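Subject: Structure for your review

Dear colleague,

Please find the structure below, handed over for your own work.

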Amino acid sequence: GYVYYLLNRITMHFLFYSSIFFILPTYYAYLNKLYILSLTSCFNSFFSTILWYNYNRGNIRTIDVFFAKLSLFVYSIYSFILIYEKPYLFLIGSLFWTQIYINYIQSDISLLYHLNFHIASILSNITVIYFSVKSDLISV
């Protein structure tokens, strides 16, 4: 009862703060003139932070899920271009995709999995930005 409630509340605070960290790929992409990635990450950070600040907002959850899926779509397009250019990135991408997928699916079991989902998403976004800057196919 109470211990579960307390752990959930603590985890929600961590999710709130981890949502703020989506600003890292936003800033990194902006510095490297990857404005589409920057804007996508910015919206993702904004709505995720608002959602985890007060989880009981139904409309914000819908908007957050929309921008999370949009972010996944946009970053996936960049990833596919990078994999086409450098096939070895498929292995790195597969590791990130597996982590993101497993933690997202298990988010219903525990919010700790959703926290891991945030961390894996942020790291994968930064990785895509890093390789995009070095890419010959993605112009900045």
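Does phenylalanine 47 count as buried or exposed? At 14% relative accessibility, phenylalanine 47 counts as buried, where buried means under 20% relative accessible area, exposed over 50%, and partly exposed in between, with a 1.4 Å probe and protein chains only.

Two remarks on the basis of these values come first. The model is predicted, so that local features need pLDDT of at least 70 and side-chain atom pairs count only at pLDDT 80 or more, while totals for chains, interfaces and linings use all residues. Residues are numbered from 1 along each chain as its sequence is written, and side-chain values use heavy atoms, with hydrogens and water left out.

Aromatic pairs

A search of the whole structure finds eleven aromatic pairs. Rings of Phe, Tyr and Trp (its six-membered ring) pair if their centres lie within 6.5 Å; planes under 30 degrees apart count as stacked, over 60 as edge-to-face and the rest as tilted. Phenylalanine 43 and phenylalanine 47 form a stacked pair, at 6.5 Å centre to centre and with 20 degrees between the planes. These two residues are separated by about one helical turn because they stand four residues apart in helix α3 (residues 35-53). Helices here are DSSP runs (H or I, at least four residues), numbered from the N terminus.

Packing of α4 with α6

Helix α4 (residues 58-85) packs with helix α6 (residues 111-133) at an angle of about 40 degrees, their axes being 10 Å apart. Axes are lines fitted to C-alpha atoms, for helices over the stretch in contact, and angles run from 0 to 180 degrees between N-to-C directions. The angle therefore makes α4 oblique to α6; under 35 degrees counts as roughly parallel, over 145 as roughly antiparallel, 65 to 115 as roughly perpendicular and the rest as oblique. From α4, the contact (heavy atoms within 4.5 Å) involves Ser71, Tyr75, Tyr78, Ser79 and Leu82, and from α6, Asn125, Val128, Ile129, Phe131 and Ser132. By class, this contact of α4 with α6 has six nonpolar, four polar and no charged residues. Ala, Val, Leu, Ile, Met, Phe, Trp, Tyr, Cys and Pro count as nonpolar, Asp, Glu, Lys and Arg as charged, and the others, Gly among them, as polar.

Serine 71, in helix α4, is buried at 4% relative accessibility. Apart from neighbours within four places in sequence, serine 71 is in contact with Thr40, Asn44 and Asn125.

Packing of α1 with α6

The axes of α1 and α6 come within 9 Å and cross at roughly 15 degrees, which makes α1 roughly parallel to α6. Asn8, Thr11, Met12, Phe14, Leu15, Ser18 and Ser19 of α1 meet Leu111, Leu112, His114, Leu115, His118 and Ile122 of α6 in this contact. Its classes are seven nonpolar, six polar and no charged residues. Threonine 11, in helix α1 (residues 2-20), is buried with a relative accessible area of 7%. Not counting residues up to four places away in sequence, threonine 11 touches Leu111 and Leu112.

A backbone detail

Lysine 33 has a positive phi of about 60 degrees although it is not a glycine. Lysine 33 lies in the loop between α2 (23-31) and α3 and is exposed at 53% relative accessibility.

With kind regards
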